[in-house]
Amino acid sequence: IYKIIAIDYGIKKNILRYFSNFNCEVIVVPCNLQAKEITKLKPDGIFLSNGPGDPAATGNYAIDIIQKL
């Protein structure tokens, strides 16, 4: 089983069901969770969900987190 961290920018439940087809444990975390907290979960992979928000506004905090990951 692969452990996937899904960073929630407005994730849709259908996407989470899709991961279950591939024998993945998915842990959904808030979009502003710091990189060090995400890495403590020891994921095999990280999924950046789509979202309804303004990408420019999300970039104010998300870019730093993603670069650290």
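This is a predicted model: local features need pLDDT of at least 70, side-chain atom pairs count only at pLDDT 80 or more; totals for chains, interfaces and linings use all residues.
D64 has a relative accessibility of 36%, so it counts as partly exposed.

Student: Fine. In what order do the strands of the sheet come, and how do they pair?

Tutor: The order is β2-β1-β3 in an open sheet of 3 strands, and the pairing is parallel. β2 (24-30) and β3 are the edge strands with a single partner strand each, so one side of each has no neighbour in the sheet. From one strand to the next, the twist averages 25°.

Student: How many bridges join β1 to β3?

Tutor: Strand β1 (residues 2-8) and β3 run parallel and are joined by 4 bridges. For a place to look, take I5, which stands opposite I46 in β3.

Student: And where does α1 lie?

Tutor: Across β1, β2 and β3, running at about 150° to β2.

Student: Now the rings. How is a pair of aromatic rings described?

Tutor: You give the distance of the centres and the angle of the planes. Here the count comes to 2 aromatic pairs. In one of them, F19 and F47, the ring centres are 5.2 Å apart and the planes are at 75°; planes over 60 degrees apart count as edge-to-face, so that's what this pair is.

Student: Which parts does the F19 and F47 pair tie together?

Tutor: F19 sits in helix α1 (residues 13-20) and F47 in strand β3 (residues 45-48), so the pair links parts that are 28 residues apart in sequence.

Student: Is F19 buried or exposed?

Tutor: Buried means under 20% relative accessible area, and F19 has 15% relative accessibility, so it counts as buried. F47, with a relative accessible area of 24%, is partly exposed.

Student: On to charges. How many salt bridges are there?

Tutor: The count comes to 2 salt bridges. One joins E37 and K40, with the closest N and O atoms 3.3 Å apart. Both residues lie in helix α2 (residues 35-40), 3 residues apart, which is about one turn of the helix.

Student: And where do D64 and K68 lie?

Tutor: Both are in helix α3 (residues 55-68), 4 residues apart, again about one turn of the helix.

Student: Why do K40 and K68 count as exposed?

Tutor: Exposed means over 50% relative accessible area. K40 is at 58% relative accessibility, so it counts as exposed, and K68 qualifies because it is at 54%.

Note on methods:
Residues are numbered from 1 along each chain as its sequence is written. Side-chain values use heavy atoms; hydrogens and water are left out. A salt bridge is a side-chain nitrogen of Lys or Arg within 4 Å of a carboxyl oxygen of Asp or Glu. Helices (H or I, at least four residues) and strands (E, at least two) are DSSP runs, numbered from the N terminus. Buried means under 20% relative accessible area, exposed over 50%, partly exposed in between (1.4 Å probe, protein chains only). Rings of Phe, Tyr and Trp (its six-membered ring) pair if their centres lie within 6.5 Å; planes under 30 degrees apart count as stacked, over 60 as edge-to-face and the rest as tilted. Two strands pair if DSSP finds at least two bridges between them. Axes are lines fitted to C-alpha atoms, for helices over the stretch in contact, and angles run from 0 to 180 degrees between N-to-C directions. Contact means heavy atoms within 4.5 Å.
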